[in-house]
Amino acid sequence: MMLFFRIYKFKILFIATGCILVAAMVTLGGLVGFTKINAYMEIVHHGNTEPISELSIIRTSMMDSRRTLWRVLALQDPSESEAGLGLIQHNVVQVDEAWSRYDPRGISSDKEAEIAAALRERLPHFKEVIDKTNELVGRKDYEAAILWLDSSIPFLDKVDDLISENIATNKAQATDLMKRSAEIFNVIFITSLTIIGFGVCAIGWIVFYLVRQRDNAINDSRYNLWLANEVVANAENGMLVTDARGAIQKANPAFTRLTGYTQAEVLGRNPSMLTSKRQSPEFYRDFWRSLAEKGEWKGELWNRRKDGALYLQSLSVTSIRARDGKISHYVGIFSDITEHELAKERLSYLATHDALTDLPNRALFNERLGQAIARAKRGLWQVAVMFLDLDRFKSINDTLGHKIGDGVLITVARRLKQTLRETDTVARLGGDEFVVILEDVTEIAHITSVAQALLQSVGQTIDIDGCSVSTTPSIGVSLYPVDGEDAKLLVERADLAMYEAKRAGKNTFRFFESADSDTLCHAERGIG
């Protein structure tokens, strides 16, 4: 060995020196490359990933504001309006906060700066659209609010498109930087592999191969972890991870948006903190039984947000098992389906109610009349059907317009409901035709009293938008079982009696007269 060293000492020193220089060059190049990669990663994180998160919050908050406004305008309920306006103000605050975090710190390219400038110019008008709509809703001027919001849809869509374009720009920039980082990383390793490959033996090749495999695995793991975090962070659905005991370990931004709780506020706590107490103990027993037997549970349940508001969520819970087969974590993914459920309920309501007056429509009226007749058969009492038509209503529509006409119908509907008992039914068949069901009728005096009350209530002057309108009702009455035992026949005969009231001079009521219905004298039935 000493002989070998003496013979080749200069060559060994030369090779050693060369190896040191090559190693130094490789090290220097690696440091430069890794410094560049680190700079790219910093840009990806602070210049793309965080801006995507803030822009997603802005976009989600804007869309939530629009959906909430439409729901408020669709329901036109004061209590719903107050709650909706509060939620909208919260969303506007979220937009301002997210924008302040994004602009200008998160802008990392000229193209993004151009898009951000366009958004910056439009944000004041967005708040103006929301504020004016809120103001109109606060004054209960829903029609003006609908017109204003409808006229602003192109502008709001343009803002949403700009945000989407900005998010896409950030994603493209991040992808490009990741590609450049991968290229630099590959150059470093390929160069090292080539240089070392000429100076080492087969063992060196094997060692290098193993190192490279390890590094690739680490890079893949880092990339997959980054990608998974991005997917979770930008997901529309709320996500929650707990340990086997139910302690929360992670929550994504959508969870915060849907529940109002930040991740810091829920870490270590149990998801039961969100319970609305609307589910029974049996519900939760079935829930845990399904998780234990099937490893998953899917369904709907009511939960409570941080502000106390209830919401309906579609929830999917999956158990995760460790290598020993024991459950180590639970993952819950949920979405807010309250608006969808409200829309279903609204459609169901509109299927049985008149959209203008909120009174039962013909279908629901026929159903209730059939039920009233069935109850009357068992109780041996009478049912009265009152057919009401407004006098000179066509003239009101023709001279004052349909807006005034609709206002008259709404007012008449309200007066009818206020005059009748809770157990009675009033419905609108269409146009200016209304029908009333009086149950538990034992004497004609009650019907006469109700008819006179309706004549007095409906006949009062109606003030709409500074315009005084006068209309009177003509009412026809039929009785079960005197005038018929079939719902359709009772309505037809009440309709005929109504025309008799019109022929008698209008603003009066008449009972149906037939050869078989002589139990009541004409004087009793013909009170005008």
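User: Starting with helix H3, how far apart are Trp99 and Tyr102 in terms of helical turns?

Analyst: In this predicted model, Trp99 and Tyr102 are separated by about one helical turn, because they sit three residues apart in helix H3 (residues 78-102).

User: And what kind of aromatic pair do Trp99 and Tyr102 form?

Analyst: Their pair is tilted, with 5.4 Å centre to centre and 55 degrees between the planes.

User: Are those two buried or exposed?

Analyst: Trp99 counts as buried because its relative accessibility is 11%, and Tyr102 also counts as buried, at 1% relative accessibility.

User: How many aromatic pairs are there in the whole structure?

Analyst: A search of the whole structure gives 11 aromatic pairs. One of them joins Phe34 and Phe185 edge-to-face, at 5.8 Å centre to centre and with 75 degrees between the planes. This pair links distant parts of the chain, since Phe34 belongs to helix H2 (residues 9-75) and Phe185 to helix H6, 151 residues apart.

User: Which residues do ring pairs link into a cluster?

Analyst: The cluster linked by ring pairs consists of Phe283, Tyr284, Phe287, Trp288, Trp297 and Tyr330.

User: Switching to strands, how many residues of S11 are buried?

Analyst: Strand S11 (residues 473-480) is mostly covered, with eight of its eight residues buried. In a regular strand, side chains alternate between the two faces of the sheet. Both faces of S11 are covered, with Pro473, Ile475, Val477 and Leu479 buried on one side and Ser474, Gly476, Ser478 and Tyr480 buried on the other.

User: Which strands are joined to S11 by bridges?

Analyst: Strand S6 (residues 382-390) runs antiparallel to S11 and is joined to it by eight bridges, with Ala384 having Leu479 as its bridge partner in S11. Strand S12 (residues 509-511) runs parallel to S11 and is joined to it by three bridges, and here the partner of Val477 is Phe511. Between S11 and S12 the chain passes through helix H16 (residues 487-503), in a β-α-β crossover that is left-handed.

User: Last topic, the surface: which residues make the nonpolar patch of about 250 Å²?

Analyst: That nonpolar surface patch is made by Val22, Ile195, Ile196 and Val200.

User: Where does Val200 lie?

Analyst: Val200 lies in the loop between helix H6 (153-199) and helix H7 (202-234), and it counts as partly exposed because its relative accessibility is 35%.

Note on methods. Residues numbered from 1 in each chain as written. Predicted model: local features only at pLDDT ≥ 70, side-chain atom pairs only at ≥ 80, totals over all residues. Heavy atoms only, no water. Patch = residues over 30% accessible without salt bridge, like charges linked within 9 Å, V, L, I, M, F, W, Y side chains within 5 Å. Areas by Shrake-Rupley, 256 points an atom, 1.4 Å probe, with all protein chains shown as cover. Salt bridge = Lys/Arg side-chain N within 4 Å of Asp/Glu carboxyl O. Helix = DSSP H or I, 4+ residues; strand = E, 2+ residues; numbered from the N terminus. Buried < 20%, exposed > 50% of the residue type's maximum accessible area, 1.4 Å probe, protein only. Pairing = 2+ DSSP bridges. Right-handed = clockwise from strand over helix to strand, strands pointing away. Phe/Tyr/Trp six-rings, centres within 6.5 Å; stacked < 30°, edge-to-face > 60°.
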